[in-house]
Amino acid sequence: MASSDQTPGLMPPGDGSIPPGKPISFGARILDKGAQLMQSLKPMKQMSQHVCTFALYSHDMSRQIETHHYVTRLNQDFLQCAVFDSDLPTARLIGVEYIVSYGIFQSLPPEEQKLWHSHAYEIIAGLWVNPRMPEAIQKSELNDLAQTYGKFWCTWQVDRGDRVPLGAPALMMSPQGVNMGTIKPELVQKRDEKYNTSTENLKMSRIDIPVPEKTVQNPNYADYWMHSYKGIPAALKATGEEKIPPGKAMTAEQHMLDKGAQMLQSLKPIKQMSQHACTFALYNQDMTRQIETHHYITRVNQDFLQCAVYDSDDSSGRLIGVEYIVSDKIFETLPADEQKLWHSHAYEIKSGLWVTPRVPEMVVKPELENLAKTYGKFWCTWQTDRGDKLPLGPPALMVSPQAVNLGMIRPDLIQKRDDKYNISTDTMKSTRVEIAEPEWLNPQADYWKQHGKGFAIDVEQVQMKTRAPFP
């Protein structure tokens, strides 16, 4: 399965601006507010900056989008970003970007480097902006960012009108100072008018930001399309040993900048993340690999949830992917081939594996009854369980636990989670016995159960689609 811009089938008519679904119910709003009060949501509180910039599809650079990055600084050399399509409370979570320093980037294997892009032009051209942050305050930060590299997986291609996330993730690239890599003037103008800023003025004020000397001397394999006229390269697997990304501790200046940004910027999409759920997931292509996951949930409407997924609930939790959850009603509208990428939640809920830490069971009972009828699609963008210190290779499709041998979660993982939250999965299973089973589970979901086969992304070189000849 390769990343593609081919829409897998037809969806109900819509303008692509919001997922289909009923308005959020009063009870759901009360639950969300209560969960925000009872849960710590630590990873969300570490998102300290909002950045607005632009990105292009690696396989079709005529497709360009405005992006909104909500940034967590894990250390001086590593940032992780939840990427949205706007800065509104109704913003759609469209992907994940990881940003590393030059030193970290140079430690990556050449095949992995090909999946990354440089940020120098994006910064110097004034395309990367921190809305409502004075330029003088962030000048030092911009100097550092000009030396960095990013890897951005788009999990929801909203620009083609998809009302729900369809197909496989797409690799995105940063703007560059060549014909195919330049952003359309109308996109830039629209952004400037929204934030009452001038990209041209920002470009002039950043003229003294040094171009990364090492990038000029050694172009390495970043911005691969500029060297090869092609898109994304072959897949890669790699491992590491440390639990946290390599890098220096954050400076006092960076701490102050982050705190200041939190005060000056609204961070509206992040404030809509109202619940923390802890559960488990298995790799679709290797179900012997099982992980504990921490979902931070935004309720877009009554039929659609979007989740930033972390490997822990600590302040240093690593952003490892994105999951989308839809009602059975929405799921039934998806094309058959798309449905194969989704999993059911009924067993996960009824068996007590899905928990909402620190929120009483009786409070979440109506929510659980609804979730038992839902389906999810979960892309893992950082395979921390294999020891990767950095996010390497393409995303992996994940599946939910199921009541068959391959789908059963290891008892030691469950016990470790239960001990951490002082809960009993078995007790919760007994209290959920009256939660109704869905009348019918679509056999296209949980595809591996019916067919014994999974799906894996092959990242491959493709001839890029362009809007003008390569200069």
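Modeller: Let us begin with ring pairs: rings of Phe, Tyr and Trp pair if their centres lie within 6.5 Å, the six-membered ring being used for Trp. By that criterion, ring pairs link Phe78, Tyr98 and Trp382 into a cluster. The model is a predicted one, and a search of the whole structure finds 13 aromatic pairs.

Biologist: What makes Tyr102 and Tyr149 an aromatic pair, and why is the pair called tilted?

Modeller: The ring centres of Tyr102 and Tyr149 are 6.2 Å apart, and the limit for a pair is 6.5 Å. Their planes are 40 degrees apart; planes under 30 degrees apart count as stacked and those over 60 as edge-to-face, so the remaining class, tilted, applies. The pair links distant parts of the chain, with Tyr102 in helix 3 (residues 102-106) and Tyr149 in strand 6 (residues 149-154), 47 residues apart.

Biologist: Why are Tyr102 and Tyr149 called buried?

Modeller: Buried means under 20% relative accessible area. Tyr102 has 17% and is therefore buried; Tyr149 has 1% and is therefore buried.

Biologist: What makes Phe304 and Tyr324 a tilted pair, and which parts does the pair tie together?

Modeller: Phe304 and Tyr324 have a centre-to-centre distance of 6.2 Å and an angle of 40 degrees between the planes, which gives a tilted pair. Phe304 belongs to strand 10 (residues 304-310) and Tyr324 to strand 11 (residues 319-326), so the pair ties together parts that are 20 residues apart in sequence. Both Phe304 and Tyr324 are buried.

Biologist: Why is Lys453 called exposed?

Modeller: The relative accessible area of Lys453 is 59%, and exposed means over 50%, so the label follows. Lys453 lies in the segment after helix 19 (447-451). Not counting residues up to four places away in sequence, Lys453 touches Tyr447 and Trp448. Asn284 is 169 residues from Lys453 in sequence, with 8.5 Å between their C-alpha atoms.

Biologist: How do you know that the buried residues of helix 7 lie on the same side?

Modeller: The buried residues of helix 7 (residues 185-195) are Val188, Arg191, Asp192 and Tyr195. They cover an arc of only 100 degrees around the axis, which puts them on the same side of helix 7. On the other side, Glu186, Lys190 and Glu193 are exposed. The cover over the buried residues of helix 7 includes strand 1, strand 2 and helix 8 (199-205). After helix 7 comes Asn196, with a positive phi near 55 degrees.

Biologist: What makes strand 1 and strand 2 a pair?

Modeller: Two strands pair if there are at least two bridges between them. Ten bridges join strand 1 to strand 2 (residues 60-75), and the two run antiparallel. Val51 has His69 as its bridge partner in strand 2, and a hairpin of two residues connects strand 1 to strand 2. Strand 1 also pairs with strand 7 (residues 170-173) over two bridges in the antiparallel sense, where Met173 is the bridge partner of Leu56. As for cover, eleven of the eleven residues of strand 1 (residues 47-57) are buried.

Biologist: Which way do the residues of strand 14 point, and what joins strand 14 to strand 8 and strand 13?

Modeller: From strand 14 (residues 396-399), Ala396 and Met398 point one way, Leu397 and Val399 the other, and all are buried. In a regular strand, side chains alternate between the two faces of the sheet. Strand 8 (residues 273-283) is joined to strand 14 by two bridges, antiparallel, with Tyr283 opposite Met398. Three bridges join strand 13 to strand 14, again antiparallel, and Cys380 stands opposite Ala396.

Biologist: Where is confidence lowest and where is it highest?

Modeller: Confidence is lowest in helix 9 (residues 213-217), at a mean pLDDT of 51, and highest in strand 13 (residues 375-380), at 98. Over residues 3-16 the pLDDT is below 50, and this stretch has 40 contacts beyond near neighbours in sequence. Residues 231-242 also stay under 50. Where pLDDT is low, the predicted coordinates should not be read in detail. For the protein, the mean is 85, and 84% of the residues reach 70 or more.

Key. Residues numbered from 1 in each chain as written. Predicted model: local features only at pLDDT ≥ 70, side-chain atom pairs only at ≥ 80, totals over all residues. Heavy atoms only, no water. Buried < 20%, exposed > 50% of the residue type's maximum accessible area, 1.4 Å probe, protein only. Helix = DSSP H or I, 4+ residues; strand = E, 2+ residues; numbered from the N terminus. Arc of directions from axis to C-beta. Contact = heavy atoms within 4.5 Å. pLDDT = per-residue confidence, 0-100.
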